[in-house]
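Let us walk through a structure one piece at a time. Keep the sequence and the 3D view side by side.

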Amino acid sequence: MESEIIKLLELHHYEQAFKPLVKEYHQKVYWQIRRMVLIHEDADDITQNVFIKIYQNLSSFKNESKLSTWIFRIAYNETINFIHKNAKEQNVSFEDYSMNVAHDLFSDEYFIGDEIEQKLQKAIASLPEKQRLVFMMKYYDEMKYEQISEISGTSVGALKASYHHAVTKIKEFLEQED
């Protein structure tokens, strides 16, 4: 599907490329964002903004990276900006904002996890920003370090170290919770 979309983009058929692009990536983008912000309404709003940005910038896609990487980079940046903006409005850190959202998960009518899932989300929310993001992309999205590196602008070595630290901190957090 990605190759068909790229062919349309190369022919400057942006409107024709957009519909299959949305069909192919909407759910993937939504869940990448949802795992970062946790709340359905926020994820839905950010996803809409991401696809607006994608549409506005289709002509700037140069096929220098995979289309999915380009899309996920936009989603990543929009999500980080959203979290930072909300944290700033609440006068708290990125981590504190994330932890507050994780504590309120059970009040989200779209949250279908159990108590164990909520503990895991609290553990993930307690991580520093970079560790949290690399953990989610690697663990949930099963991305390779090279793709995460392209999306985040961080070296593969630093990502591996961040992932290792994140896993260690999550284990420690969960052991303290029990």
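Start with T47. Leaving aside its neighbours within four places in sequence, T47 is in contact with H26, V29, Y30 and I33. Keep in mind that this is a predicted model. Where does T47 lie? Find helix α3, which covers residues 40-57; T47 lies there. Is T47 buried or exposed? T47 is buried, because its relative accessible area is 1% and buried means under 20%.

Next, look for empty space inside the protein. Rolling a probe the size of a water molecule over the atoms shows where such space is left. How many cavities of 30 Å³ or more are there? The count comes to one. The largest cavity has a volume of about 30 Å³. Which residues line the largest cavity? They are M36, V37, L38, I83, Y97, S98, V101 and R132. The most comes from α5, with three residues. Now sort the lining by class. Six residues are nonpolar, one is polar and one is charged.

Which residues of α8 are buried? They are Y145, Q147, I148, S149, I151 and S152. Now step just past the end of α8. There, G153 takes a positive phi of about 75°.

Terms used
Residues are numbered from 1 along each chain as its sequence is written. This is a predicted model: local features need pLDDT of at least 70, side-chain atom pairs count only at pLDDT 80 or more; totals for chains, interfaces and linings use all residues. Side-chain values use heavy atoms; hydrogens and water are left out. Buried means under 20% relative accessible area, exposed over 50%, partly exposed in between (1.4 Å probe, protein chains only). Helices (H or I, at least four residues) and strands (E, at least two) are DSSP runs, numbered from the N terminus. Contact means heavy atoms within 4.5 Å. On a 1 Å grid over the protein atoms alone, a cavity is a set of points where a 1.4 Å probe fits but cannot get out, and a pocket is an open set with protein on both sides within 12 Å along at least five of seven lines; lining residues have an atom within 4 Å of a point. Grid points are joined across faces, edges and corners, and a volume is the space filled by probe spheres set on the points. Ala, Val, Leu, Ile, Met, Phe, Trp, Tyr, Cys and Pro count as nonpolar, Asp, Glu, Lys and Arg as charged, and the others, Gly among them, as polar.
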